[in-house]
Amino acid sequence: MRAVAVLGGGIGGLASSYYLCKNPQVTKVILLESSSRFGGWLQSTRRADGTVFEHGPRGIRSLGAVGRNTLNMVEDLGLEPELLSVNSRHVASRNRFLYIHGQLHSLPKGISGLLRTNPPFSRPLLWNVVNELLVKKSDKDDESVHSFFSRRLGAELADVAVDCLCRGVFAGDSKRLSIRSCLPMLYNAEQRRGSVILGMLLGSDPGPVVSSGPLAQRSIKEWWSQWSLRRGMESLAETICEFLQQSGRVELHTDAAVQHISPSASGWTIQLEDGVVSADHIISALPAKALSSVLPSSCEPLIRELQEINFVTVAVVNLEYEGCVLPLMGFGHLIPSWEDPAVMGIIYDSVTFPEHNRPDGLTTRLTVMMGGAWFQDEFGSPETVTEERLLARAAEAVRIHLQVNTAPCWSRVVLQKDCIPQYYLGHHRRVESMCSFIKDNNLSLSLVGASFNGVSINDVIFSGRTAVDELLGTT
């Protein structure tokens with residue numbers, strides 16, 4: 001394999017390039033990014049006074065094979081001294097809230113939380129757990145997340161907790177999202193054990209095998225729930241870029257938008273605005289629609305499937321207040337879509353990662369997440385909505401939900417357009433169809449990134465590793 005081109009310089013493209021560099025079979029890697037920076041949705045603002053604000057992901061979970069895989073990468077990159085960990089006993093791990101009917105409610109914690117009635121739920125959730133064991137397995141190929149939970153754990157749990165979960169993780173509508181693609185572990189638990197509860201207790205999906213390096217072993221020993229980096233999540237992308245530059249085997253190109261790709265005798269010809277690049281193989285980390293716009297007409301079936309994957313826009317509003325203004329401590333709170341479609345949740349950043357706070361005085365950092373699947377209905381077109389309107393709506397939510405009557409001393413509005421793909425019903429069949437087309441036509445093309453098999457940072461990084469392993473036969 002002489003040359004591999006990686007399209008897209010977000011975390012998927014960076015991770016793919018990293019794994020390619022770790023393998024001596026590849027002579028050259030060409031990383032092409034259309035914007036002026038690498039890192040994609042990993043975006044951090046670092047103020048001169050030491051404060052850090054995240055405009056994309058703000059913490060990464062350490063659990064599972066994909067979590068261990070990311071920690072192995074972090075260790076290899078020498079980032080362990082920069083790591084900020086949050087264990088399962090931390091107040092941000094234990095306290096999570098829902099805002100319903102004008103009040104904040106703590107989600108039940110531990111066994112004792114299942115035994116008593118916790119508003120907004122009308123009865124102890126233990127009844128839902130017991131009844132779940134008696135529900136018959138569905139023979140459906142797929143169903144919505146809301147339908148799955150309503151059938152197995154009750155309509156109230158689906159309407160309240162699951163609605164909020166889907167807004168917090170996918171910025172999406174639980175009645176449209178696919179259980180099989182969004183939460184495959186739960187789907188597999190029912191299919192293989194006949195029960196979600198039994199599947200979680202007994203195991204139902206062995207998943208990929210990833211060994212635990214020393215850092216991953218430490219995360220298990222110390223019961224981490226999530227982690228970040230001292231200079232913000234963007235420093236992960238920056239460190240990967242440094243690794244790639246130092247390898248001497250990677251050409252990194254920014255402001256290099258791909259115009260068109262076409263098959264050639266040796267692989268692919270990639271047309272840029274100012275030149276042509278040749279490669280034996282392409283790993284595409286582009287969003288689905290972006291890839292569909294550059295493929296040749298001979299890939300029409302693949303183009304159609306890519307264009308069917310929808311994305312949502314999220315407004316991320318960072319706010320800083322003087323002093324400690326929170327009425328309670330925890331990770332943050334979510335709001336169900338029927339309570340307020342516009343505002344999905346408020347994250348209490350200063351609680352989870354106080355190391356990112358201003359060091360010379362007590363402040364409170366919050367992030368308000370708005371829009372998602374409801375953006376158009378609540379705010380209109382992302383092209384015309386003003387930052388002033390988004391900031392006002394976010395500050396109003398903080399005032400009403402948290403009784404904060406002072407104005408923020410600092411704010412920033414970042415509109416993340418088309419940032420989260422939506423895995424609607426049948427998404428797994430669409431991905432299978434695309435993979436079959438690539439295989440049947442012997443295309444030297446790999447698909448990685450959030451558009452296909454998981455939206456989390458861990459999932460995207462692992463998709464890069466998987467693509468490289470399959471390409472080079474190292475699985």
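Which residue in E17 does Gly345 stand opposite? Gly345 stands opposite Met369. The model is predicted: local features need pLDDT of at least 70, side-chain atom pairs count only at pLDDT 80 or more, and totals for chains, interfaces and linings use all residues. Residues are numbered from 1 along each chain as its sequence is written, and side-chain values use heavy atoms, with hydrogens and water left out.

Helices (H or I, at least four residues) and strands (E, at least two) are DSSP runs, numbered from the N terminus. Two strands pair if DSSP finds at least two bridges between them. Strands of a sheet pair through backbone hydrogen bonds, either parallel or antiparallel.

Gly345 and Met369 belong to a pairing between strand E16 (residues 343-347) and strand E17 (residues 363-372). This pairing is antiparallel and runs over four bridges. Both strands sit in an open sheet of seven strands. The order is E7-E6-E15-E16-E17-E14-E18, with mixed pairing. Strand E7 (103-106) and strand E18 (410-422) stand at the edges. Each has a single partner strand, so one side of each lacks a neighbour in the sheet. Neighbouring strands of the sheet are turned by 25 degrees against each other on average, direction ignored. Helix H17 (residues 387-402) packs on this sheet. H17 touches strand E6 (96-100), E7, strand E14 (310-322), strand E15 (332-334), E16, E17 and E18. The direction of H17 makes about 65 degrees with that of E14. Contact means heavy atoms within 4.5 Å.

A parallel pairing links strand E1 (residues 3-7) to E2 through five bridges. Val4 has Val29 as its bridge partner in E2. Strand E2 (residues 28-32) is largely enclosed by the rest of the structure, because four of its five residues are buried. Buried means under 20% relative accessible area, exposed over 50%, and partly exposed in between (1.4 Å probe, protein chains only).

Two helix pairs were examined next. Axes are lines fitted to C-alpha atoms, for helices over the stretch in contact, and angles run from 0 to 180 degrees between N-to-C directions. Angles under 35 degrees count as roughly parallel, over 145 as roughly antiparallel, 65 to 115 as roughly perpendicular and the rest as oblique. A crossing is left-handed if the near helix is turned anticlockwise from the far one by less than a right angle, and right-handed if clockwise.

Helix H1 (residues 11-21) packs with helix H2 (residues 64-76) at about 65 degrees, their axes 13 Å apart. H1 and H2 are therefore roughly perpendicular. The crossing of H1 past H2 is left-handed. Ala15, Tyr18 and Tyr19 of H1 meet Asn69, Met73 and Asp76 of H2 in this contact.

The axes of helix H14 (residues 300-307) and helix H18 (residues 427-440) come within 10 Å and cross at roughly 155 degrees. H14 and H18 are therefore roughly antiparallel. H14 also passes H18 in a left-handed crossing. Pro301, Leu302, Glu305 and Leu306 of H14 make the contact with Arg430, Ser433, Met434, Phe437 and Ile438 of H18.

Two helix residues complete the picture. Asn128 lies in helix H5 (residues 126-132) and is buried, with a relative accessible area of 7%. Beyond neighbours within four places in sequence, Asn128 contacts Arg123, Arg152, Leu153, Gly154 and Leu157. Ser219, in helix H11 (residues 214-221), is buried at a relative accessible area of 3%. With neighbours within four places in sequence left aside, Ser219 contacts Ser62, Leu71 and Trp224.
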